[in-house]
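This note is meant for a colleague who is meeting the structure for the first time. Please read the numbered points beside the sequence and the model.

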Amino acid sequence: MTALAQRPANPVVGESVVHESADLHVTGAALYTDDLTGRLTGLLHAWPVGSPHAHARVTSLRTEPALAVPGVVRVLTGADVPGVNDAGVKHDEPLFPTEVMFRGHAVCWVLADSLEAARLGAAAVEVDYEMLPALMTVEEAIAAERFQGARPVMTRGDAAAAMAGAAYVFSGETTMKGQEHFYLETHCSIALVDESGQVFVHASTQHPTETQDIVAHVLGRPAHEVTVQCLRMGGGFGGKEMQPHGFAAIAAIGATVTGRPVRLRLNRALDMTMSGKRHGYHASWQVGFAADGRFVALDATLTADGGWSLDLSEPVLARALCHIDNAYWIPDIVVHGRIAQTNKTSQTAFRGFGGPQGMIVIEDIIGRCAPLLGIDAAQVRERNFYSPGQQTPYGQEVRHADRMPRVWDQLMTSATVDRRTAEIAEFNASHRHTKKALAVTPVKFGISFNFTSYNQAGALVLVYKDGSVLINHGGTEMGQGLHTKMAQVAATALGVPLDVVRVAPTRTDKVPNTSATAASSGADLNGGAVKAACEQIRERLAEFAAKRFGEPVDAVRFEGGTVRAEGSAAPPMTWAELVDAAYYSRVQLSAMGFYRTEGLHWDPVTVHGVPFKYFVYAAAAAEVEVDGFTGASVTRRVDIVFDVGDSLSPMIDLGQIEGAFVQGAGWMTMEELVWDERPGQGQGRLLTSAASTYKLPSLSEMPAVLNVSLLEAATEDGVVYGSKAVGEPPLMLAIAVREAIRDAAAAFGESGASVDLGLPATPEATYWAIEAVRGGVRDGGVTTLRRPT
């Protein structure tokens, strides 16, 4: 086992501890960016002037009326940008556009002494527009051939030739809508300038370094003149990886031109109207099966709804392509990817980052084709699992492929799937208007950034004379427990109690060049860096202690805040005593740690390489009950088995699994984004821009029974203390809920019917699926191109 994965005796990692800010969260004492406003004098508030059109050219902009509004101080326009008028890493997102690309696109920003004055000032700004044609759906963009960015193709073997020899060949389409992040804390940035002209930005951002970079180039300054700090976030889910940069830049421009602090915080309606969401996808596919239900070939085209600009659509698409196989061996495959440009918000990262969209395609194929094969969907899934030694379509060996069957078998046993399936059949036979179903689906999810360069991290560890320890690392805390895990890693590496360690807010002047806290890699990357820094300090202290004890360095032991040397007659020292003595002997008590994920390489052009350090394996069994009159569904019970390696913090991991699953179930069953697509004055308006119109899962949608088990004997070598990622993969377990709803809908018709079910599977979508099978529709929207005669 590698040194990175090895755990010492009695480690702090692996203990179930509460979130480091739990008390602050529940008492309301936790500080978020907007809570800092009361500490600043002369604060200005920003409000956008948003376009009322989905696509238009700005022909004139008159800001003078706004300046007549009491309290208005300034109206920011493109003329105020000292550097580059763009907030996108692809240079396709002008901060102050002359062509608005979606309804709500800000053409200028009003600064005022109060938020209300800023809002009234924004209403007073006069803007003239020349209307331009708008495309509101992926299908419209496909028809118009309006695409943006790269069009990758992932291929292995000869799909066409293999398809010609398949016993069954089916074709169809799969569509899915996007998802709103609905983090509790909306986008917020506060910028101020000090006496030397340095710009300091407090931002709710998952990627402080990139926020720093964008602010710097908008201001036309070097990065060392801009510092970005993230105290913590009230949720991010990917929505604060790229999207905060422009808002931070607006606040920074305002602060530099006025000399006063500027606060930009979006209310819920503005946040939902202006910020990006999970990408909706359209997929067309043709699939070949052998007579026993094994995959023979797949030919698919995935089209992402990218919205008006690229943002992160290209890497999201790459991950979708890399996860269309999910846990299945598909011998011959070709998948085309493309990004549609529509006149909607620029869609962005969201938990799973394209992985869920890719997985849904293959699971939808299985769910709709299994009845046409005459084979139970769970059997089709199990028969197609990867075997040891096999590779993904992009050329990476599926390490630990044996874990997927282990997870599956453990779940089938612990969830008593066979017995409950028989009970459900009896229930359905005696209930005409209510049906139940139980579906089981797997997850194989790759961990690391597809963009190899991002797989690095740094940490600064400071040990003070009294023995207390302060950790600075490049990851951001958004409620997921990263800081808790980093404190446990540091305490384990130094051999001290957890209460000795504190984690500081993330700042770009403490740890530079950080990667986003995303891709489920926060603990892997930052944990490796924290461990590396702590080990440098411990090695120095061990050398110092060895001289004190008169024993070799390798005899020195650090454990539980006590330092001793095996074989020494000298009494042990406390950690604090050793540190104090080391200081007076001029031993360095701080260190920078660095970590890079080894073994990765990726070619985005050929869609080939080894983009992931490892795969996470999991499976879920979901039981639902569906009402035949309304299409309403209730999730009765969910069982999950999840591979987290050797957990760094089991309580944190369980919370992440449960939370991600519920968020996924929300997307699968109720969270529906609706835009007004009709030409006219309302075109482009987001109709679901509040909690009153956008339905979120609550306690009432939680399954009455939710059992989560962690796979045992699953150490992941080469990762910090043998752990695995947990942030994103559990979301895809909720696919089991949708598949169960599909099976329950099918139970309202004759046996063997295939069901085409929308995503989200809202009561309305489920009702129409039920009506279809009641009406005798058996093909589920699938075209059968070949079957055995």
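1. Domain bounds, as used below, come from an automatic or database domain assignment. The lining of the largest cavity draws at least three residues from each of domain 1 (33–132 + 188–265) and domain 2 (281–450 + 604–786). A cavity is a set of points, on a 1 Å grid over the protein atoms alone, where a 1.4 Å probe fits but cannot get out, whereas a pocket is an open set with protein on both sides within 12 Å along at least five of seven lines; lining residues have an atom within 4 Å of a point.

2. The model is predicted: local features need pLDDT of at least 70, side-chain atom pairs count only at pLDDT 80 or more, and totals for chains, interfaces and linings use all residues. Residues are numbered from 1 along each chain as its sequence is written, and side-chain values use heavy atoms, with hydrogens and water left out.

3. The structure holds 4 cavities of 30 Å³ or more, and the largest cavity contains about 320 Å³ of space. A volume here is the space filled by probe spheres set on the grid points, which are joined across faces, edges and corners. Among the 18 residues that line the largest cavity, Glu93, Gly246, Phe247, Met274 and Trp308 lie nearest its centre. Strand S5 (106–112) and helix H7 (244–258) are the elements that give two or more residues to this lining; helices (H or I, at least four residues) and strands (E, at least two) are DSSP runs, numbered from the N terminus. H7 gives the most, with 4 residues.

4. By class, the lining of the largest cavity has 11 nonpolar, 5 polar and 2 charged residues. In this division Ala, Val, Leu, Ile, Met, Phe, Trp, Tyr, Cys and Pro count as nonpolar, Asp, Glu, Lys and Arg as charged, and the others, Gly among them, as polar.

5. The second largest pocket holds about 870 Å³ of space. Of its 37 lining residues, Asp376, Ala377, Thr421, Leu438 and Asp743 are the closest to its centre. The elements that give two or more residues to this lining are helix H10 (355–373), helix H11 (377–383), helix H12 (403–414), helix H13 (417–430), strand S16 (434–447) and H18. H13 supplies the largest share, 6 residues. The lining of this pocket divides into 18 nonpolar, 9 polar and 10 charged residues.

6. Strand S1 (residues 44–50) has 6 of its 7 residues buried, so it is largely enclosed by the rest of the structure. Buried means under 20% relative accessible area, exposed over 50%, and partly exposed in between (1.4 Å probe, protein chains only). S1 and S5 pair in the antiparallel sense over 6 bridges, with Val49 opposite Cys108 in S5. S1 also runs parallel to S12, joined by 2 bridges, and the bridge partner of His45 in S12 is Arg263. Two strands pair if DSSP finds at least two bridges between them.

7. Strand S9 (residues 188–193) pairs in the antiparallel sense with strand S12 (residues 262–265) over 4 bridges, and Ala191 stands opposite Val262 in S12. S9 also pairs in the antiparallel sense with strand S10 (residues 199–203), over 5 bridges, where Ile190 faces His202 in S10. The hairpin of S9 and S10 has 5 residues between the strands, and Gly197 there takes a positive phi near 90°.

8. Strand S18 (residues 469–473) pairs with S19 in the parallel sense over 3 bridges, and Leu470 stands opposite Arg502 in S19.

9. Some backbone features deserve a careful look. Most residues other than glycine have a negative phi, and most peptide bonds are trans. Asp311 has a positive phi near 50°, lies in the loop between strand S14 (295–305) and helix H9 (313–322), and counts as buried at 3% relative accessibility. Ala713 has a positive phi near 55° and lies in the loop between strand S29 (705–710) and H18; this residue is exposed, with a relative accessible area of 72%. The peptide bond from Leu759 to Pro760 is cis, with omega near 10°, and Pro760 is placed in the loop between helix H18 (735–746) and helix H19 (763–774).
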